[in-house]
Amino acid sequence: MGKILVTGASGHLGRKTLDHLLKRLPATQLAGLARDPAKAQDLAGKGIDIRKGDYFEYDSLLKAFEGVDKVMLIATHGFTDRNTQHYNVITAARQAGVKHVAYTSIVRKEGSDFVLPEGTETDIFGEQTLKASGLTYTLVRHPPFMEVLQFFIGEKAYEAGVRVPAGSGKAAPATRDDLAEAQAVILSAEGHENKTYTLGFSELASSEDIASALSEIHGKKVPYVTISEQQYIDN
Ligand SMILES: NC(=O)c1ccc[n+]([C@@H]2O[C@H](COP(=O)([O-])OP(=O)(O)OC[C@H]3O[C@@H](n4cnc5c(N)ncnc54)[C@H](OP(=O)(O)O)[C@@H]3O)[C@@H](O)[C@H]2O)c1
């Protein structure tokens, strides 16, 4: 049987996914991809085969995917030509004989024509490339990570309030650790072939709910203010 390889092994989500896989499978069945293997030394220490590869270097991916059955493609950073990188991973996986690729994208409302540049746009490209590749696929759509909420609401929310152009829209932020565990289940068990999952915490929260939670933690009212998209960009 071939190995399960998780990309982004030096990053938060990839590392946690491998840690959760280790609870389910022996290390000998697992591999991680890192462009700098030294950054994933902790995983190598646990017996995981860390392979060197860069999404921009096609041949490095071909080599890294030797003897691999399943690849978990952790999406790359925004604003770095994501399409080329994801295309390379999917194409190299197919050429190397990988059977199944799972890909992380971001939740979006079915039927919505809203396009988040560098977000939805590249996610749709990645999802369609994978589906068109003929490989068995699993699409894993993520909610906002709980750990990066401050990135969306601003680091000065206690003083300035939660100022976002979100109206009464809701999302279901979840921790990377929970999302990684779900990915480990998808990768280690049967039944997730050619499926699309939208992951998230069991409860939805609006930006107003987030402001209320922050008020409680802070012991002082943190207001929620809906602002325009342009004001948000200007902030
Ligand atoms: N849902 C959300 O709220 C949310 C928020 C932010 C990001 N995201 C997306 O989720 C992904 C995973 O999140 P994370 O927190 O785990 O991010 P992270 O810690 O920054 O990890 C990203 C991983 O991608 C690797 N990578 C980047 N460019 C590469 C390349 N050219 N070749 C090979 N590997 C490359 C990085 O390697 P190095 O260590 O070498 O840089 C790192 O291991 C992000 O990359 C982004 O697409 C989602």
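**Ground rules**

I count residues from 1 along each chain as its sequence is written. The model is predicted, so I take local features only at pLDDT of at least 70 and side-chain atom pairs only at pLDDT 80 or more, while totals for chains, interfaces and linings use all residues.

**Whole chain**

I looked up the secondary structure and got ten helices and eleven strands. Helices here are DSSP runs of H or I with at least four residues, strands are E runs of at least two, and both are numbered from the N terminus. The radius of gyration is 19 Å against 18 Å from the globule rule for 235 residues, so the chain is as compact as a globular protein of that length. That radius is taken over C-alpha atoms, and the rule is 2.2 Å times the number of residues to the power 0.38. The C-alpha trace spans about 55 × 35 × 35 Å along its principal axes.

Next I checked burial: 34% of the 235 residues are buried. Buried means 20 or more other C-beta atoms within 10 Å of a residue's own, exposed means 12 or fewer, and partly exposed is in between, with C-beta atoms placed from the backbone. Of the contacts with a separation of 6 or more, 73% join residues 24 or more positions apart. A contact needs two C-beta atoms, placed from the backbone, within 7 Å.

**Around the ligand**

I found 23 residues surrounding the ligand, with Gly8, Ser10, Gly11, Leu13 and Ala75 the closest. The cut-off for being near is a C-beta atom, placed from the backbone, within 6 Å of the molecule. Helix H1 (12–22) and strand E5 (100–106) each give at least two residues to this shell, and H1 has the largest share with three. By type, the shell holds nine nonpolar, ten polar and four charged residues. Ala, Val, Leu, Ile, Met, Phe, Trp, Tyr, Cys and Pro count as nonpolar, Asp, Glu, Lys and Arg as charged, and the others, Gly among them, as polar.

**Helix H5**

H5 covers residues 120–132, and its 13 residues reach 18 Å from first to last C-alpha, close to the 18 Å expected at 1.5 Å a residue. I get the expected span from 1.5 Å times one less than the number of residues. Thr122, Asp123, Gly126 and Leu130 are the buried residues of H5. They fall within an arc of 105° seen down the axis, so they line one face of H5. The arc is that of the directions from the helix axis to the C-beta atoms. Gln128 and Ala132 are exposed on the other side of H5. The buried residues pack against helix H4 (82–96), E5 and E6. Just past H5, Gly134 has a positive phi of about 85°.

**Helix H8**

In H8 (176–188) I find Leu179, Ala180, Gln183, Ala184, Ile186 and Leu187 buried. Their arc is 160°, so they too line one face of their helix. Their cover includes strand E1 (3–6), H1, strand E4 (68–73), E5 and strand E6 (136–142).

**Helix H9**

The twelve residues of H9 (207–218) should span 16 Å, and the end C-alpha atoms are 16 Å apart, which agrees. Ser207, Ile210, Ala211 and Leu214 are buried, and they sit on the same side of H9 because their arc is only 100°. Among their packing partners are helix H6 (149–153) and strand E11 (224–226). Gly219 follows H9 with a positive phi near 75°.
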